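User: I would like to go through a protein model before planning my reading of it. Could you take my questions one at a time?

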Amino acid sequence: MILAAGRGERMRPLTDTLPKPLLRVGNKALIEYQLESLARVGFADIVINHAHLGHMIEAALGNGDRYGVNIRYSREPVALETAGGIAQALPFLRHERENRGGQPFLAVNADIYCEIDFSSLLPVLRHMQASLDGDLAHLVLVDNPRHHPEGDFTLDSGRVALSGKNNLTFSGIGVYQPKLFADIVPGSLAKLAPLLRQAISSGKVSGQHYQGVWIDVGTPERLQLIDSRLKHTY
């Protein structure tokens with residue numbers, strides 16, 4: 001799932017007329033890099049949620065054919081926050097033949113640029129699929145950026161803790177069991193952080209430290225930074 005329903009307030013006025021995932025960096029829309037990276041390692045079925053100017057996302061990406069994927073859209077009349085958006089989209093994330101409440105899935109924020117190899121998460125997905133009563137989530141953590149120096153969580157021997165000596169920042173990339181969102185009423189607003197903190201406190205969250213290129217494209221300045229980097233590279 002690609003989470004693309006945010007309004008992008010800090011990116012205004014750019015996002016007044018264009019949804020944030022369609023802002024261009026290098027020679028592509030931001031969300032296209034993620035679609036191509038996911039397709040490259042075999043992810044074939046992708047759900048994208050949207051709210052603000054969502055029809056433009058659907059018009060730009062279509063059914064995903066040209067990226068080698070099948071895209072379905074979870075439409076939100078108003079942005080439901082991360083956990084609310086995922087809960088709303090759960091029916092799209094279930095295979096038609098499933099009867100156990102769904103399989104674990106990968107979710108990625110649309111407003112990041114990241115060069116992670118998503119194949120590194122395939123073993124995690126397989127492990128969580130085989131252990132449906134095990135971890136509720138697996139988080140990709142990154143070094144703290146300048147705009148978030150305090151970080152979010154600590155990683156200790158592959159387990160995520162709420163605090164410790166060396167905090168890291170949640171990248172916006174995670175693998176989740178559907179039951180993490182079981183108590184959220186579809187259509188309601190709900191943040192992800194409280195669910196993660198509860199699961200971490202219960203010892204139900206694993207994680208990994210990604211040290212490659214990752215940028216939270218949250219401001220026009222950071223958008224320009226990654227745009228310049230990509231144009232210089234290519």
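Analyst: The conversation below covers strands, aromatic rings, salt bridges and a pocket.

User: Before we start, what kind of model is this, and how are residues numbered?

Analyst: This is a predicted model, in which local features need pLDDT of at least 70 and side-chain atom pairs count only at pLDDT 80 or more, while totals for chains, interfaces and linings use all residues. Residues are numbered from 1 along each chain as its sequence is written, and side-chain values use heavy atoms, with hydrogens and water left out.

User: Let us begin with strand β8. Is it buried or exposed?

Analyst: Strand β8 (residues 137–142) has 6 of its 6 residues buried, so it is largely enclosed by the rest of the structure. Buried means under 20% relative accessible area, exposed means over 50%, and partly exposed lies in between (1.4 Å probe, protein chains only). Strands are DSSP runs of E with at least two residues, helices are runs of H or I with at least four, and both are numbered from the N terminus.

User: Which way do the β8 side chains point?

Analyst: Ala137, Leu139 and Leu141 point one way, and His138, Val140 and Val142 point the other way. In a regular strand the side chains alternate between the two faces of the sheet.

User: Which strands does β8 pair with?

Analyst: β8 runs antiparallel to β11, joined to that strand by 5 bridges, and pairs in the parallel sense with strand β12 (residues 205–209), also over 5 bridges. Two strands pair if DSSP finds at least two bridges between them. Alanine 137 has tyrosine 176 in β11 as its bridge partner, and leucine 141 has histidine 209 in β12.

User: And what about β9, which strands does it pair with?

Analyst: Strand β9 (residues 153–156) pairs in the antiparallel sense with β11 (residues 167–176) over 2 bridges, with phenylalanine 153 opposite leucine 168. β9 also pairs in the antiparallel sense with β10 (residues 159–161), over 3 bridges. β9 and β10 form a hairpin with 2 residues between them, and serine 157 in that turn has a positive phi of about 55°.

User: Back to tyrosine 176. Which aromatic cluster is it in?

Analyst: Phe105, Tyr176 and Phe181 form one aromatic cluster. The structure holds 4 aromatic pairs. The rings of phenylalanine 105 and tyrosine 176 have their centres 6.1 Å apart and their planes at 55°, so this pair is tilted. It links distant parts of the chain, with phenylalanine 105 in strand β6 and tyrosine 176 in strand β11, 71 residues apart. Tyrosine 176 and phenylalanine 181 form an edge-to-face pair, 5.8 Å centre to centre with 80° between the planes.

User: What are the cut-offs for those labels?

Analyst: Rings of Phe, Tyr and Trp (its six-membered ring) pair if their centres lie within 6.5 Å; planes under 30 degrees apart count as stacked, over 60 as edge-to-face and the rest as tilted.

User: Which partner does glutamate 81 have?

Analyst: Glutamate 81 meets lysine 191 in a salt bridge (3.3 Å, N to O). Lysine 191 lies in the loop between β11 and α5 (193–201) and glutamate 81 in helix α3 (residues 81–93), 110 residues apart. Lysine 191 is exposed at 51%, and glutamate 81 is partly exposed at 39%.

User: Finally, how much space lies in the largest pocket?

Analyst: The largest pocket holds about 1,100 Å³ of space. Of its 35 lining residues, the closest to the centre are Arg10, Glu81, Thr82, Asn109 and Asp111. On a 1 Å grid over the protein atoms alone, a pocket is an open set of points where a 1.4 Å probe fits, with protein on both sides within 12 Å along at least five of seven lines; lining residues have an atom within 4 Å of a point. The volume is the space filled by probe spheres set on the points, which are joined across faces, edges and corners.

User: What is the lining made of?

Analyst: The lining divides into 14 nonpolar, 10 polar and 11 charged residues. Here Ala, Val, Leu, Ile, Met, Phe, Trp, Tyr, Cys and Pro count as nonpolar, Asp, Glu, Lys and Arg as charged, and the others, Gly among them, as polar. The largest share, 4 residues, comes from β11.

Notes: A salt bridge is a side-chain nitrogen of Lys or Arg within 4 Å of a carboxyl oxygen of Asp or Glu.
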